[in-house]
Amino acid sequence: MNKFTTLVICASLAFAGQAHSRSFDDVVDSGELIVGVYRNFPPFSYQQDGQPKGVDIDVGQAIADEMGLKMQLHWVIPDENLDDDLRNNVWKGHYLDKDDENPLALKKLADVMMRIPYDREYAYRQDSQTGEMVNEQVVMFGPYQRESWRVAFDTEKLEAVKTMAVFQYHSIGVELDSLPDFYLSSAFAGRMRKNVHHYSTPLMAFEGMKSGEVKAVMAMRSEIDAMLFAENNPRYQVAENGFPSIGKQKWDVGMAVKSTYRQLGYAVEEVVDKMVRDGRMEAIFARYGITYELPALYQDVQ
């Protein structure tokens, strides 16, 4: 075996063990857009009676339709942090995520991944050891929603929630290891900590409120809105309080593509921009009873 043949074989084996993003031309030629969405993440992306459902599913479908493509879903299982999620699903792939038809190859990556923070500081964050950009392999773009925090409470147990200080004396449910968990456990010098009840998901916390285990629930605004909308019971209401010392009160949500395929990002961004401006984006959120707030990019223009 000569050196040239050895190099070809080595290169082929290395190529077989990698997942590959697709260029804009590849996506168009295939006739389908692979949209990355988080698994079991209502109201954004989940399955109901075996069918995909949620805000991000509907937004992804609208983007694919506008581009004349068929949507194919790439279900994302969260890793330890967002950096890992982007690496595993947008630009490199996970070494355990193999293609069933070709065990040597990783599965396809998402062409575009939904529900990514549209945050300049995060996008250009540098590694403290090397000084290199942590997320240089991806481009974050296309803000389509502004998110925030919200509390829902049981009006038969609490007359009102005008300040978070009430939870020094009353119970509240949160998702374990979420920002609301950390916030409620540390704010007011930790005086609310004993009243914080932990659940695996916001929905389980809401069920805990319905069963009387807790008197209120704190989660993302979209999650609270969707649960109240589905419950459709005036007994459960949105609180009026703010969140002092929580840090970032609101943040914009966008998308991500691999940095070498910016043309695809531009095409998707054009569709998203049209949807935000013509009201289609707000209409999608309204289907799930979610308060829609324009991203900062659009608020600054108005």
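Helices and strands are taken here as DSSP runs, numbered from the N terminus. In these terms, aspartate 111 of this predicted model sits in the loop that leads from α4 (82-91) to β5 (112-117). Its relative accessibility is 3%, so aspartate 111 counts as buried, the cut-off for that class being under 20%. The surroundings of aspartate 111 are worth a look: leaving aside residues up to four places away in sequence, this residue touches Arg22, Val27, Glu32, Leu33, Ile34, Ala256, Val257 and Leu264. Valine 35 is 76 residues from aspartate 111 in sequence, yet the two C-alpha atoms are 6.1 Å apart in space.

The model holds six aromatic pairs. One of them joins tryptophan 149 and tryptophan 251 in a tilted arrangement, with 4.9 Å from centre to centre and 50° between the planes. This pair bridges distant parts of the chain, 102 residues apart: tryptophan 149 belongs to strand β6 (residues 138-154), while tryptophan 251 belongs to strand β11 (residues 250-258). Tryptophan 149 counts as buried because its relative accessibility is 14%. Elsewhere, ring pairs connect Tyr38, Phe41 and Phe44 into a cluster. Phenylalanine 44 also has a charged neighbour, as arginine 115 lies over the face of this ring at 3.7 Å from the ring centre.

Turning to the strands, β7 (residues 172-175) and β8 (residues 196-199) run parallel and are joined by four bridges. Within this pairing, glutamate 175 has tyrosine 199 of β8 as its bridge partner. Together with helix α6 (residues 179-186), strands β7 and β8 form a β-α-β unit, and the unit is right-handed.

Across the chain the mean pLDDT is 88, with 86% of the residues at 70 or more. Residues 2-17 are a stretch where the pLDDT is below 50, and this stretch has eight contacts in the model beyond near neighbours in sequence. The pLDDT is also below 50 over residues 102-106, a stretch for which the model shows 18 contacts beyond near neighbours in sequence.

How values were computed
Residues are numbered from 1 along each chain as its sequence is written. This is a predicted model: local features need pLDDT of at least 70, side-chain atom pairs count only at pLDDT 80 or more; totals for chains, interfaces and linings use all residues. Side-chain values use heavy atoms; hydrogens and water are left out. Rings of Phe, Tyr and Trp (its six-membered ring) pair if their centres lie within 6.5 Å; planes under 30 degrees apart count as stacked, over 60 as edge-to-face and the rest as tilted. Helices (H or I, at least four residues) and strands (E, at least two) are DSSP runs, numbered from the N terminus. Buried means under 20% relative accessible area, exposed over 50%, partly exposed in between (1.4 Å probe, protein chains only). A charge sits over a ring if NZ of Lys or CZ of Arg is within 6 Å of the ring centre and within 35 degrees of the ring normal. Two strands pair if DSSP finds at least two bridges between them. A crossover is right-handed if, with the strands pointing away from the viewer, the path from the first strand over the helix to the second runs clockwise. pLDDT is the predictor's confidence in each residue, from 0 to 100. Contact means heavy atoms within 4.5 Å.
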